[in-house]
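Here is a short report on one protein model and its ligand. Look at the structure first, then read on.

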Amino acid sequence: MNNSKIYIHPAPVRIWHWINAIGIIMLVLTGMQIRFAEQINILSLQKAISLHNYTGFVVLADYLLWLVYYFSTGKIQIYIPDLRTFPVKAFNQIKFYGYGIFKGDPNPHTMTPENKFNPMQQMAYIKLMFIVLPAQIFSGLFLWQVKRFGDYIDLLGGIKIVDTIHVLLFFFFAAFLIVHCYLATLGHTPLAHFKAMFTGYEEHHGHAEMPGEFALPENAAARANSLTGNKYAVLDGLENKPVVKMTN
Ligand code: HEM
């Protein structure tokens, strides 16, 4: 089997991601202390607010790093789903996560630097990075200086609305962290995607099927070749399922 390494996460993405991850975890924890000050007593309210505000600015600066990197390199297109192929690819991906993965089927998506995300990731990440995270950053900024941003707060319907948006998104992020970490364990080993987010390199195990390729049980490819006079070229594949391609 052909196990190769591909450089999938460039340094700016890794730096952005881990600062962002630590920042959001800190914001969720300090946010809990602020919101449930009567039930939780780990930090004083004053300390929790000040830590929450500083961390908010770190996450904001980090978000600008993400924006500048992805737009200046043109790589932002990896976040944008191709609407023509989206329905079929998304269906295959959902089928894989809901069923195929438990049978050891190969992942229908092959990760490359230009096509890093499967369609479900594209859909989730584009909303996360262009709607949810900016909404959380802006609502946080408005709550930080209510007087200064009074006009914007009024435009949104008042302080209660802004506060509700901020708290609902806080619950979203708390839940997102759990789901995101679970999905990140679904690489060829549970830690593979985590390691890749540190080193930049993802190990390529197996091969998604392209038109004209088939996944066959082990030995079947060799048997088919001996019967047909080497008509099938073995590419690679998952443990017990070589991917073969018909040759003319
Ligand atoms: C404990 C915290 C976190 C861990 C362990 C973690 C882990 C990972 C891993 C392993 C990947 C690579 C696999 C993949 O693309 O799905 C990834 C990618 C990603 N994560 Fe996280 N993550 C964390 C927190 C966050 C948070 C808080 C956000 C956003 C608010 C986030 C947003 C993203 C995005 C957008 C990507 C794709 C990055 C890119 O390649 O451009 N992550 N994360």
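## Ligand shell

The ligand is surrounded by 20 residues, and the closest are Ala-21, Ile-24, Ala-184, His-193 and Met-197. A residue is near a molecule if its C-beta atom, placed from the backbone, lies within 6 Å of it. This is a predicted model: local features need pLDDT of at least 70, side-chain atom pairs count only at pLDDT 80 or more, and totals for chains, interfaces and linings use all residues. Residues are numbered from 1 along each chain as its sequence is written.

Each helix in the table supplies at least two residues of the shell around the ligand. Helices (H or I, at least four residues) are DSSP runs, numbered from the N terminus.

| Helix | Residues |
|---|---|
| Helix 1 | 11-35 |
| Helix 4 | 119-144 |
| Helix 6 | 159-184 |
| Helix 7 | 192-199 |

Helix 1 gives the most to this shell, with 6 residues.

## Helix 1 against helix 6

Helix 1 and helix 6 pack at an angle of about 130°, with their axes 10 Å apart. Axes are lines fitted to C-alpha atoms over the stretch in contact, and angles run from 0 to 180 degrees between N-to-C directions. The two helices are therefore oblique to each other. Angles under 35 degrees count as roughly parallel, over 145 as roughly antiparallel, 65 to 115 as roughly perpendicular and the rest as oblique. On the helix 1 side, the contact is made by Ile-24, Ile-25, Val-28, Gly-31 and Arg-35. Helix 6 brings Val-167, Phe-170, Phe-173, Ala-174 and Leu-177. Two residues are in contact if their C-beta atoms, placed from the backbone, lie within 7 Å.
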